[in-house]
Amino acid sequence: MKPYYNLDIPVIRRVLIMTAVPAEQEAVQRGLLTGPGEAAVDVRLAGVGSAAAAASTARILATAADGYDLVISAGIGGGFPGLAEIGTVVVASAITAADLGAETQEGFSSVDELGFGSSSIAVQAELAARLTGALQVAGVPVQSGPIVTVTTATGTAATAEAIAGRVPGACAEAMEGFGVATAAEQAGLPVLEIRGISNPVGPRDRSAWRIGDALAALEAAFTQLQEELK
Ligand SMILES: O=C(O)c1cccc(C(=O)CC[C@H]2O[C@@H](n3cnc4c(=O)[nH]cnc43)[C@H](O)[C@@H]2O)c1
């Protein structure tokens, strides 16, 4: 197996991709099926939510016989209106827990402000930029920006506005990224998050979710990632 070399990107021989549910896992696998890649890739189930995602990612990393060089949180997600539309791809520029902190009389305080650590984890920036550029060249609509992780999916305009205020430039919202990224960070591994957008972040309207479009976008993103890892 030929390793992937770039001065700014670590050698990537084995990749672990975590999705919340089987439909997302299958979309990622379809994307990877389009051609032989050089990296060995495992697509595993994380469960829904940051806690399940952190625990399952940590367990898989701890018991992997050959280890991994890169961890990816992947699936569908909500897109912030005007920044990430339904059926597009968002590649995270940072992975931020948007509701990890405390409410105060003055408003929300993050764990950073409370002095309990960081609510944001950096991604492997060179690979994220390279993937974003490759998707653009391939004609896949893509945005790069912070993806927020929430415990409760946003269902009102007020919460969407509050999160956008807390995390400037937030493009997308999902429920597992920070958990997967925490496990990767503690294992000393680089991380990415990639989302296909299924719905707008805002007033809840489940009938407006376009899961097929989001899964198709996710599939396209992983076809391209496979090319980038050659
Ligand atoms: O019903 C289906 O066929 C189906 C297929 C694939 C995925 C689902 C999910 O409901 C996945 C839940 C998963 O999606 C993320 N997500 C999507 N939109 C949002 C959002 O607006 N806010 C937060 N999370 C969102 C999240 O990561 C969930 O784990 C259903």
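Helices (H or I, at least four residues) and strands (E, at least two) are DSSP runs, numbered from the N terminus. The model is predicted, so local features need pLDDT of at least 70 and side-chain atom pairs count only at pLDDT 80 or more, while totals for chains, interfaces and linings use all residues. Residue numbers start from 1 along each chain as its sequence is written.

The elements below each supply at least two residues of the shell around the ligand.

| Element | Residues |
|---|---|
| Helix H1 | 22–32 |
| Strand E5 | 70–79 |
| Strand E11 | 172–174 |
| Strand E12 | 191–200 |

E5 gives the most to this shell, with four residues. Among the 20 residues around the ligand, the nearest are Ala-23, Gly-78, Ala-153, Ala-174 and Met-175; a residue is near if its C-beta atom, placed from the backbone, lies within 6 Å of the molecule. The shell has 11 nonpolar, six polar and three charged residues. Here Ala, Val, Leu, Ile, Met, Phe, Trp, Tyr, Cys and Pro count as nonpolar, Asp, Glu, Lys and Arg as charged, and the others, Gly among them, as polar.

Leu-215 lies in helix H7. Leu-215 counts as buried because it has 22 C-beta neighbours inside 10 Å; the cut-off for buried is 20 or more, with 12 or fewer for exposed and partly exposed in between.
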